[in-house]
Amino acid sequence: MRLSRRGLLRAGLAGTAAGALGGLTAGCAVPTGSTGRNMVLWYWSGGLSDTVVKRARSRYGEAVDLKAVQIGGYYRSKLITTLAGRAHIPDIAGLKGEDMASYLPNADQFVDLRTLGAERLRSAYLGWKWDQGIADDGSMVGFPIDCGPVGHYYMPEVFERAGLPHEPADVSRELDTWEKFFDAGVRMKKRLPGTYLLTDITSVYTMAVSQGTANYVDRERNFIGDQPHIRRAWDRAVDAKRLGIVSKLVSGTPDQLSATESGRLPSQLNASWATSDIKLGVPKTKGRWRVASCPGGPSNIGGSFLAITKACREPERAFEVITWLLDPANQAQGFVDAGLFPSTPASYRMAKLREPDPFFGGQVTMDVFGPAAQRVPIAYNSPFDVALGQPVKDEIKNVGVLGKDPEAAWRDAMRKCRRIAGHLGVNV
C-alpha cells in the first residue's frame, strides 16, 4: 500500500470536513451527477484494483459508461471541495478509512446503502469493518473495500542468532504479549550489540491504542484521551524507549532502510499492506522475512470504503457496480494487484491468496493476517479522533526521537488536546 493511502491527518483539518459538508443541507438541489449512461467513480492510485475496475467497465458497458478517475494529491480535501461546490460530483466516491469518521456526521450527503439492499450482504464482510461505514443514525455511508490487520515482520536468521524463537508459529506463541516481546528485544540487544527490535516507539503506541476498544472521543462527544487506556499505551511506548530496544533512526530514511537491509533492524510491527513497503524499500532482503502475530493481540490500521453520493441519478445501478467490484473474488484480485487486504473472509480461502510468497521465505502470510483480521477489537471511531489523537502522537514521537521527558511530553499533549477540544466543541 502506498504512503499516500495512509498519511496521517493533522489536527487543524478535523473540522474542515464538518464545516464544508455541513454547509450542504438535505434540501439543497442535487448537483449534476450521472446523466443517462454516464457514471463517474473517484478513487486514488492503489485504492482499487485497476484490473477489477477495467473489468467492471467492460461488464457494465452496455448499461452504463463508467468513467473511473484516479484523483491525485490530498484526496479528501478535493472531494469535500467538490461536494461543497455542488458541481462535478462523482456518482461513486472512495472514502479513505482514516477519514471515514469525518464523513459520517454528514451522512445525508450520501445514499443510505441500506435502502439499496446492503443489509443482505452484511454476513459476507467483516463485522467490525462493516460497522465503521455506518453513521450514528444507522444509515450506511460506506461499503467496505479493504482493511489492514497488523502483523510482526521479522528476520528469522537474526532472531535465531539472538537466541530467540524464529519459526512463525513459535514467534507468535512465545512473543504473544508486550512484556515477552520487550524481553526479546533486551535479549537481542545483549547478544547482538547494535541491533534493535524496532525502529522507533511510535509503532508501539499506535498498535497498543488500536488493540483497545476506545480511542480519544466517546459517543457522547467527551474527550477520553486522558484516560487509562491511552495512558497505558503511552507508558508501553515509553518502556520500549527506556529499555533501549528501539533505534534512533527515523522510519523511511535511507539510514533506516540501510539498517534494515543489514539486519540491524530485523523486526517491525505493521499492517498487511506493509508487505509491499518492505518489498519496495529493501528488495535485497527477499527471502529473509517472515510474519508472525502482533504482540498484545490483533489490531487494524487503514482500509477504505466506497460510497454513493446524492448526486448519483442511478443509485441502484451504482450499487450493483460497487457490490460487484467488492465481492470476494474481486477483493482477492485487489490483494494480488494492489495489496488491498480483503474485508471478505471468503477471500482468505481462495487459491490466489494462498500462494507461498518467496519474499517471505515461501510462507503463506494469509495464515497470519486472515485470522487477525477476523479478531480485530471493535472501537467507536469519532470524527474528532484524528484531531485529538495527533498531539499525543506528535509528543510520543518527541519522546522517541528527540528524547523529550515523557511526563513533560504527556502534559504538553494533554494541554494541546484540551485546547483543540474546546475549538471543536468536544467536552473536556
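Helices here are DSSP runs of H or I with at least four residues, numbered from the N terminus. By that count, α10 is followed by G244, whose phi is positive, near 70°. Please keep in mind that this is a predicted model.

**Helix α10**
- Helix α10 covers residues 228-242, 15 residues in total.
- From first C-alpha to last, α10 reaches 20 Å, close to the 21 Å expected at 1.5 Å a residue.
- Its buried residues are I230, A233, W234, A237, V238 and A240.
- Viewed down the axis of α10, these buried residues fall within an arc of 150°, so they line one face of the helix.
- An α-helix has 3.6 residues a turn, so residues three or four places apart point the same way.
- P228, R232 and R242 are exposed on the other side of α10.

- V250, V401 and L402 make a nonpolar surface patch of about 260 Å².
- V401 counts as partly exposed because its relative accessibility is 38%, between the 20% and 50% cut-offs.

**N330 in helix α14**
- N330 sits in helix α14, which spans residues 328-338.
- With a relative accessible area of 8%, N330 is buried.
- Leaving aside neighbours within four places in sequence, N330 is in contact with V52, W324 and L325.

Methods:
Residues are numbered from 1 along each chain as its sequence is written. This is a predicted model: local features need pLDDT of at least 70, side-chain atom pairs count only at pLDDT 80 or more; totals for chains, interfaces and linings use all residues. Side-chain values use heavy atoms; hydrogens and water are left out. Helices (H or I, at least four residues) and strands (E, at least two) are DSSP runs, numbered from the N terminus. The expected span of a helix is 1.5 Å times one less than its number of residues. Buried means under 20% relative accessible area, exposed over 50%, partly exposed in between (1.4 Å probe, protein chains only). The arc is that of the directions from the helix axis to the C-beta atoms. Patches are made of residues with over 30% relative accessible area and no salt bridge: like charges are joined within 9 Å, nonpolar side chains (Val, Leu, Ile, Met, Phe, Trp, Tyr) within 5 Å. Accessible areas come from the Shrake-Rupley method with a 1.4 Å probe; for residues, only the protein chains shown count as cover. A salt bridge is a side-chain nitrogen of Lys or Arg within 4 Å of a carboxyl oxygen of Asp or Glu. Contact means heavy atoms within 4.5 Å.
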